[in-house]
Amino acid sequence: LPSRGEALLAKTAAMPEGEAFEEDWIWTSTQSADVSGFAWGQSFNYGLQYDWRKDSKLMARAVRRVAI
């Protein structure tokens, strides 16, 4: 899973309005620092980030880190 920062970078690099991704919200690997049992998600349609309960149903997207 991408970190919260990587997910935001992926959204920024994606086509406008999230056209590059079918799903809207995806999980990130970043857990909420404020509330246990929550982790951050990234919206590709709206560009928002939100902390969701870990039992919520969001999509997962695998990422690969590549040194540029």
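L58 is found in the segment after β3, strands being DSSP runs of E with at least two residues, numbered from the N terminus. The model is predicted: local features need pLDDT of at least 70, side-chain atom pairs count only at pLDDT 80 or more, and totals for chains, interfaces and linings use all residues. Residues are numbered from 1 along each chain as its sequence is written, and side-chain values use heavy atoms, with hydrogens and water left out.

**Exercise 1.** Determine whether L58 is buried or exposed, and list what L58 touches.

Solution. Buried means under 20% relative accessible area, exposed over 50%, partly exposed in between (1.4 Å probe, protein chains only). L58 has 14%, so L58 is buried. Beyond four places in sequence, L58 touches W25, I26, W27, G41 and W52 (contact: heavy atoms within 4.5 Å).

**Exercise 2.** Count the aromatic pairs and classify the pair of W25 and W52.

Solution. Rings of Phe, Tyr and Trp (its six-membered ring) pair if their centres lie within 6.5 Å; planes under 30 degrees apart count as stacked, over 60 as edge-to-face and the rest as tilted. The count is 2 aromatic pairs. For W25 and W52 the centres are 5.2 Å apart and the planes at 70°, so this pair is edge-to-face. W25 lies in strand β1 (residues 25–31) and W52 in strand β3 (residues 49–53), 27 residues apart.

**Exercise 3.** Classify the pair of Y50 and W52.

Solution. With 5.3 Å centre to centre and 80° between the planes, Y50 and W52 are edge-to-face. W52, at 23% relative accessibility, is partly exposed; Y50, at 46%, is partly exposed. W25, Y50 and W52 form one aromatic cluster.

Note on methods:
Helix = DSSP H or I, 4+ residues; strand = E, 2+ residues; numbered from the N terminus.
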